[in-house]
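Please open the model in your viewer and follow the selections below in order.

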Amino acid sequence: MHLYRVLFFLSFFLAIFGIIDGADNLENSILIKSIDFYQKGDYEASLKMVNDIISINETNGSALNLRGLINMNLGKHESAQKDFEKSLQYSSNHSQIYYNLGLNAYHSGNMIQADRYFSQAYEDNYSFFNFFYYAGVVKSELGQYDDAVSLLKNASRIHPHDPQAWIHLGIVYEQIRKFDLAVQAYDNAIISDPALPGPWMSKGKIFLSFGNISIARMAFENYTSLDPDDDIGWFYYAKSLHDDKMLNASIEALHQAIEIDPTNQIYSEHLKLYIDEKNSIELGAVSERLDDRFIILLLFIIGCMSIIIIYRK
């Protein structure tokens, strides 16, 4: 999802930005070809061509910006930052470059720096879906949840069919304990992409924590059907089955979790507890049946003795 946004949105902008940035026709022609290679994911070919442009004109802001994007996608975040910062000196569209700087900082794990650059982009009236999405995620990572809610709500309004925006909005709502809104956000994510398992897991955990066992069980059941190879999903499904008094099914679900990850001791411990509980229940049922039979036998004996006594009289 992240790479898709980088490739599609930013490269589309570059195709326009590069042509109007004051370069001559030759530079623009090479730049357009370089963008084409970039969009196809051929970063080496794109990098070679953009370096040719910069060797001709080192003040070409569009070429520097594109090289920054290439370096970011190659994981060369320090080089990308230098290219973006240099591009600021020769480009008029600072908001886009501040956004790129923020995105590069985000991908390198520097959330404080990312937040600062995104704020500068916003001050320059940069207000696209990608900005609201990533700026919201960064605010969430920094624990600034009210700002994160505002930004992610804007992202979901602009692009209501993007499940990731709804998922991150749900995560933030959980952090501020607005669980009803979190569930609504996860429901919207599911509507946007029914094949996405994550929101079902998040919903299941919320319902399980509030004791809504049957709803939690259905959520985890949906999760395991969409992601049957996740042992954690089977573990939570087993817990919900157990709490919903479906002991045999919970044992089967735990066996699934152990089959996927036999090294997890927690699964084995829960399995032992559930099996012991099952044996205890079965033993109790047998004992109860024996008690019933003993009472019937005792009553029968008393009845027989009473008849004998009456007969002798």
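Select the protein chain first: 16 helices and 0 strands are found in it, where helices (H or I, at least four residues) and strands (E, at least two) are DSSP runs numbered from the N terminus. This is a predicted model, in which local features need pLDDT of at least 70 and side-chain atom pairs count only at pLDDT 80 or more, while totals for chains, interfaces and linings use all residues. Residues are numbered from 1 along each chain as its sequence is written, and side-chain values use heavy atoms, with hydrogens and water left out.

Colour the chain by burial next: 45% of its 313 residues count as buried, that is, under 20% relative accessible area with a 1.4 Å probe, protein chains only.

Now select Tyr-99, Phe-118, Phe-131 and Tyr-133, which touch the most other members of the largest nonpolar core, a set of 83 residues. Such a core consists of buried Ala, Val, Leu, Ile, Met, Phe, Trp, Tyr and Cys residues joined through side-chain atoms within 4.5 Å. Helix H8 (residues 129–141) gives the most to this core, with 8 residues.

Move on to helix H2 (residues 25–39) and helix H4 (residues 61–73), which pack at an angle of about 15° with their axes 11 Å apart. H2 and H4 are therefore roughly parallel to each other (angles under 35 degrees count as such).

Finally, show the side chains at this contact (heavy atoms within 4.5 Å): Leu-31, Ser-34, Ile-35 and Tyr-38 in H2 meet residues of H4 including Leu-66, Leu-69 and Ile-70.

Definitions and conventions. Axes are lines fitted to C-alpha atoms, for helices over the stretch in contact, and angles run from 0 to 180 degrees between N-to-C directions. Angles under 35 degrees count as roughly parallel, over 145 as roughly antiparallel, 65 to 115 as roughly perpendicular and the rest as oblique. Buried means under 20% relative accessible area, exposed over 50%, partly exposed in between (1.4 Å probe, protein chains only).
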